[in-house]
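Try each task before you read its solution.

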Amino acid sequence: MKNFEYAKARSVDGAIQLSTSESRFLGGGIDLLGEMKEYIVSPKRVIDLKTIPNLDRIETSTDVWKLGANVRIAEIASNDQVRATLPGLAEAAAEVGSPQIRNVATLGGNLAQHSRCWYYRQRDLRCLKRGGSTCYAREGENKYHSLFSGNPCISPVVSNLAVILAALGGRVIVRRGEQEEVTFSIPDLYSDAWNNPLAHNSLRPADLIVRVEVPTAKNRSTYMQVSEKQDFDWALVSCAAAGQKTGGQWTQVAVFLGAVAPIPYAVDSPLLERSGLTSDSIALIAEGLASKATLLAHNGYKLPIAQALVRRCLDRITT
Ligand SMILES: Cc1cc2nc3c(=O)[nH]c(=O)nc-3n(C[C@H](O)[C@H](O)[C@H](O)COP(=O)(O)OP(=O)(O)OC[C@H]3O[C@@H](n4cnc5c(N)ncnc54)[C@H](O)[C@@H]3O)c2cc1C
Ligand code: SF4
């Protein structure tokens, strides 16, 4: 790892003032320190956000909850209020890595984490995402890669929290520069990664995630994933579904997939807008994925898993 300055931020303003084009923010460090040790990134200054007071709080209210960027993933998984009101969010948090990782990793860092593609993480390779000219995964070992992408990079988004927050309609509040505050929907937060092989998300280098706001209108939500290992592992495919049930009526039903696209991938279907979701319509929604997927040499197994997870998540929230 190259030498770097270490600075503790005492406020959001202070963190912004400390940041430069060659600095990086530090949450739990699970992702950033790994990248630094592999010489994938070598910031001149690392700005610790954990010393900012009150950024690790969950504020509840009737309609929108505010989760600070420093809230630990373990807290999201175990918080009784989150489990009762936003169960899908707690389920997604509980599936992140291992207890040790969840105790350290933060909400902001989880959303802003970088690609886990093994070619990207290999110190001596310079693939498209690192400014080179080739995607090694397309013709190489693409077992963990995307079924859907709008650009030549097929590295998938791996943040569990991004997938469920997309389904819940979460918004990410970002400080950009001294004054400006920008609000991203989750699809906006990742849209650059759909189009641009260099991008992991739509954040600019000194953008600071301050909090995530989650509306509570969707009173049913769930998250499921399939991994190779029970624990300490990323999802091969993940899926989140959320919706509002009032009386017998369903509204705002949204389903997103993770680990199959550079963004949380929206499962689009006019059938989701109908008030009654039957097992037949759920099966049709899942089947609809096949026509849009591009199967590569080693990742075709992801499609039936994605379809099964879409069916199971929709079954779970609607029954
Ligand atoms: C073995 C293993 C298994 C894992 N499994 C999963 C899994 O199943 N699901 C999953 O979602 N993740 C998984 N992860 C990834 C892990 O959850 C993330 O690395 C972690 O959440 C990152 O959070 P952090 O606070 O440690 O971020 P850091 O490493 O501190 O930061 C990550 C990135 O975000 C930036 N950043 C941090 N905070 C902010 C902020 N507030 N505003 C703007 N930028 C910021 C940093 O500069 C850096 O680029 C796994 C990791 C490992 C090692
Ligand atoms: S999938 Fe993306 S990150 Fe992986 S080798 Fe290809 S360009 Fe690089």
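## Exercise 1: Contacts of the ligand

Task: Find out how far an oxygen atom of ligand 1 is from an N or O atom in the side chain of threonine 106.

Solution. This is a predicted model, so the distances are computed from it. Step one: go to the side chain of threonine 106; one of its N or O atoms is 2.6 Å from an oxygen atom of ligand 1. Step two: apply the cut-off for a polar contact, a pair of N or O atoms within 3.5 Å. Step three: look for backbone partners. A polar backbone atom of glycine 97 is 3.3 Å from a nitrogen atom of ligand 1. For isoleucine 209, a polar backbone atom is 2.8 Å from a nitrogen atom of the ligand.

## Exercise 2: The shell

Task: How much of the accessible area of ligand 1 does the protein cover, and which element gives the most residues to its shell?

Solution. Step one: on its own, ligand 1 has 980 Å² of accessible area, and the protein covers 94% of it. Step two: list the elements that give two or more residues to the shell: β2 (23-26), α7 (107-112) and β8 (208-215). Step three: pick α7, which gives the most, with four residues. Step four: sort the shell by class. It has 16 nonpolar, twelve polar and five charged residues.

## Exercise 3: A pocket

Task: Describe the second largest pocket and its lining.

Solution. Step one: its volume is about 310 Å³. Step two: 15 residues line this pocket, and Arg116, Tyr144, Val158, Trp234 and Ala235 are the closest to its centre. Step three: the lining divides into nine nonpolar, two polar and four charged residues.

Methods:
Residues are numbered from 1 along each chain as its sequence is written. Chains are lettered from A and ligands numbered from 1 in the order in which they are written. This is a predicted model: local features need pLDDT of at least 70, side-chain atom pairs count only at pLDDT 80 or more; totals for chains, interfaces and linings use all residues. Side-chain values use heavy atoms; hydrogens and water are left out. On a 1 Å grid over the protein atoms alone, a cavity is a set of points where a 1.4 Å probe fits but cannot get out, and a pocket is an open set with protein on both sides within 12 Å along at least five of seven lines; lining residues have an atom within 4 Å of a point. Grid points are joined across faces, edges and corners, and a volume is the space filled by probe spheres set on the points. Ala, Val, Leu, Ile, Met, Phe, Trp, Tyr, Cys and Pro count as nonpolar, Asp, Glu, Lys and Arg as charged, and the others, Gly among them, as polar. A polar contact is a pair of N or O atoms within 3.5 Å; within protein, one must be able to donate a hydrogen and the other to accept it, and residues adjacent in sequence count only if both atoms are side-chain atoms. Accessible areas come from the Shrake-Rupley method with a 1.4 Å probe; for residues, only the protein chains shown count as cover.
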